[in-house]
Amino acid sequence: MITLIDTTLRDGSHALRHSYNIDQVKTIAGGLDSCGVKYIEISHGDGIGGSSFTYGFSKTDVFDLIQAASGVVKTSKLAVLLLPGIGTIEDLKEAKKRGAKAVRVATHVTEADVGAQHIAAAKDLGMFAVGFLMMTHMSPPELVAEEAAKMESYGSDYINLADSAGYLLPEGVTERVKAVKAAVKIPVGFHAHNNLGMAMANSLAAVQAGAEYLDGTLRGLGAGAGNTQLEVLSGVLLRSGYETGTDFYGLMDLARDAVEPIMLRPQTIDNGSLMLGYAGVYSSFLLHVYNAADKYGLEPRDILVELGRRKMVGGQEDMIIDVAYHLKNPAPAEI
Amino acid sequence: MDRVKVGIIGPGNIGSDLMYKVMRSKYLEMGIMAGIVESEGIKRARSMGVPVSTEGVKAVGANKEIRIAFDATSASAHVRFNAPALRSNGIISIDLTPAALGPYCVPSVNLNELTEEQDINMVTCGGQATIPIVYAIKRAAGAAYAEIVACISSKSAGPGTRANMDEFTETTSSAIVKVGGADKGKAIIILNPADPPLMMTNTIMVRVKDSSVGIDKIRESIDDMVTNLREYVPGYRLRVPPIMEGDKVTTIVQVEGQGDFLPKFSGNLDIINSAAVAAAERLAAKMLGVGAN
């Protein structure tokens, strides 16, 4: 049995520039619930507490969105994303009060220990807690496994590995999932981005390597070139003989009727997205890079390559302006 | 000239770096380095001729010459042991933990108001690096909302910071309002593991109340503040000068440490320590009856 986690209402929030409203959330969450999706992640793209100048302000308060979703789901559990350093335990308590039952605590792949406090708090609150390692392409499998083992020791219910830059190829996913499975007793999950067109192949590789949880979004709606397309994943897993307990036709119809009409741009691999994957840059930087390129009269690709060279991690959207400024005004030294 | 004797509680990285800064000061002198075990930090202090003790705050309180003590331990140790013991011995606490028993101090903004306090809290490293800029923008154009992003190298984030990220964000947000003067504050912290380590960078974004003031006036106010800050943090500089879009002002600063005990990329630790020493020097100058530095 493979558990599908839908993150249309969280990663998809990036693609909608954090503009979800109550009605859209009710329709999507209600539809996912009817289709048997076990967990529905709903948050600002950068997690609860993410509404800001840096990541974009939420048009509707995220806690109001959670509450609206909570009013329509019957069997699905609502999950939130929390990035320590951005969101806090106070935010988590509020999310729980509004109906969240699970939290995914996301840290950069080398920094699991900053999430110990939040995972412990989630367990104290009686929530399902997931240790979520971002940008796993930046560490070799054995180091990913070490950090996953830390996440397990803090009380995680499963470990989710994210290819946040959409950089990995299937072998890289297989190695990482296998290394983590060998290091922990809890299940492993995988979160893909489609920047190199690998989201589906990577998700399948993850399952074949033993992953039991997979993330996806309707129509692939998400940061960069988007995520694994959930309705397609549902079909692919059926064809491959994996049970997911989801309604394949229902997900297709929901994607067509509820998500496609609200998309701001087609979820294709445009040149910026391709460069995210190629240069290993955090996917949610994309739209901010387009804004900065526009403002400074630069080619988005050049900004992305420089961000990759500087090894920027998730959450460093503020450095896009820094890079753009310095590309435009090259300084003699010490950048 | 006479110097005021100070104690340092907690001979870890922060405490050791503080010691070097104190030893350079013309107003301060190391009276004692106190820890609870015979650690590397204790050995280092002893080898430099500084009196040491493994009796912690007790040894500091018992030393009648000590007038000011830096607490570089933890918030809980400050609240439970160190603050009460120092207070009962008439020693002023300069608190580098997030305990925040006493008022927040950002020297370039509010030190003058705090010279009568018994316990001064140094906010956070990110707060020391960004609140002066928030205040500089606010005094020029008002601040309805201020947001900061502090990026520090993973290597300079110690176990205390890592175990309590919320303390950083919550304390910094609160000081953005209380000291920076913004109506609302938000703080974000990011650890970046790149190797070689990145310098501490901080982005400050403020929604101003009166954008008609114009960017030149705001820039002038920020430049004055940077000049002021560089007196105690020589490695502080604007990476990206202020940019104005509508009512939003954005600027990015970089803090290079002085490399006293900690590496230069640990600008985050350098700035909070330099701020703490600047605060102690001001208090010491007052005790010595000389003009403030």
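In this predicted model, Lys264(B) touches Glu256(B), Gly257(B) and Gly259(B) when residues up to four places away in sequence are not counted, a contact being a pair of residues whose C-beta atoms, placed from the backbone, lie within 7 Å. Lys264(B) is placed in the loop between β11 and α10 of chain B, where helices (H or I, at least four residues) and strands (E, at least two) are DSSP runs numbered from the N terminus. With 15 C-beta neighbours inside 10 Å, Lys264(B) counts as partly exposed; a residue is buried if 20 or more other C-beta atoms, placed from the backbone, lie within 10 Å of its own, exposed if 12 or fewer, and partly exposed in between. The C-alpha atoms of Lys264(B) and Met199(B) are separated by 7.6 Å, although the two residues are 65 apart along the chain. Because the model is predicted, local features need pLDDT of at least 70 and side-chain atom pairs count only at pLDDT 80 or more, whereas totals for chains, interfaces and linings use all residues. Residues are numbered from 1 along each chain as its sequence is written, while chains are lettered from A and ligands numbered from 1 in the order in which they are written.

The domain assignment of chain B gives domain 1 (4–122 + 271–288) and domain 2 (125–264), the bounds of such domains coming from an automatic or database domain assignment. The centres of these two domains of chain B, taken over C-alpha atoms, are separated by 25 Å, and their contact takes 21 residues from domain 1 of chain B and 23 residues from domain 2 of chain B. On the side of domain 1 of chain B that touches domain 2 of chain B, the elements that give two or more residues are α1 (13–24), α5 (107–110) and α10 (267–288) of chain B. The residues of that side divide into 13 nonpolar, 6 polar and 2 charged, where Ala, Val, Leu, Ile, Met, Phe, Trp, Tyr, Cys and Pro count as nonpolar, Asp, Glu, Lys and Arg as charged, and the others, Gly among them, as polar. Asn13(B) has its place in helix α1 of chain B and is in contact with Gly158(B), Leu262(B) and Leu269(B), leaving aside its neighbours within four places in sequence. Asn13(B) counts as partly exposed, because 18 C-beta neighbours lie inside 10 Å, and its C-alpha atom lies 12 Å from that of Gly35(B), 22 residues apart in sequence.

The contact between the chains takes 26 residues from chain B and 23 residues from chain A. On the side of chain B that touches chain A, two or more residues are given by each of β7 (145–153), α7 (159–163), α8 (165–178), β8 (185–192), β9 (200–207), β10 (236–245) and β11 of chain B, and β8(B) gives the most, with 6 residues. This side of chain B divides into 13 nonpolar, 6 polar and 7 charged residues. Thr250(B) is found in strand β11 (residues 248–255) of chain B. Apart from neighbours within four places in sequence, Thr250(B) is in contact with Ile321(A), as well as with Thr203(B), Met205(B), Pro242(B) and Ile243(B). Thr250(B) counts as buried, because it has 21 C-beta neighbours inside 10 Å.

Chain A contains 14 helices and 8 strands. Its radius of gyration, taken over C-alpha atoms, is 18 Å, close to the 20 Å that the globule rule gives for 335 residues, so chain A is as compact as a globular protein of that length; the globule rule is 2.2 Å times the number of residues to the power 0.38. Buried residues make up 62% of the 335 residues in chain A, and among contacts between residues at least 6 apart in sequence, 76% join residues at least 24 apart. In chain A, 8 strands close into a barrel in the order β1-β2-β3-β4-β5-β6-β7-β8 with parallel pairing, two strands being paired if DSSP finds at least two bridges between them. Within chain A, strand β3 (residues 77–82) and strand β4 (residues 102–108) pair in the parallel sense over 4 bridges, and the bridge partner of Leu81(A) in β4(A) is Arg104(A).

Chain A is divided into domain 1 (3–262) and domain 2 (271–327), whose C-alpha centres lie 23 Å apart. The contact between them takes 23 residues from domain 1 of chain A and 17 residues from domain 2 of chain A.

Note on methods
Contact = placed C-beta atoms within 7 Å.
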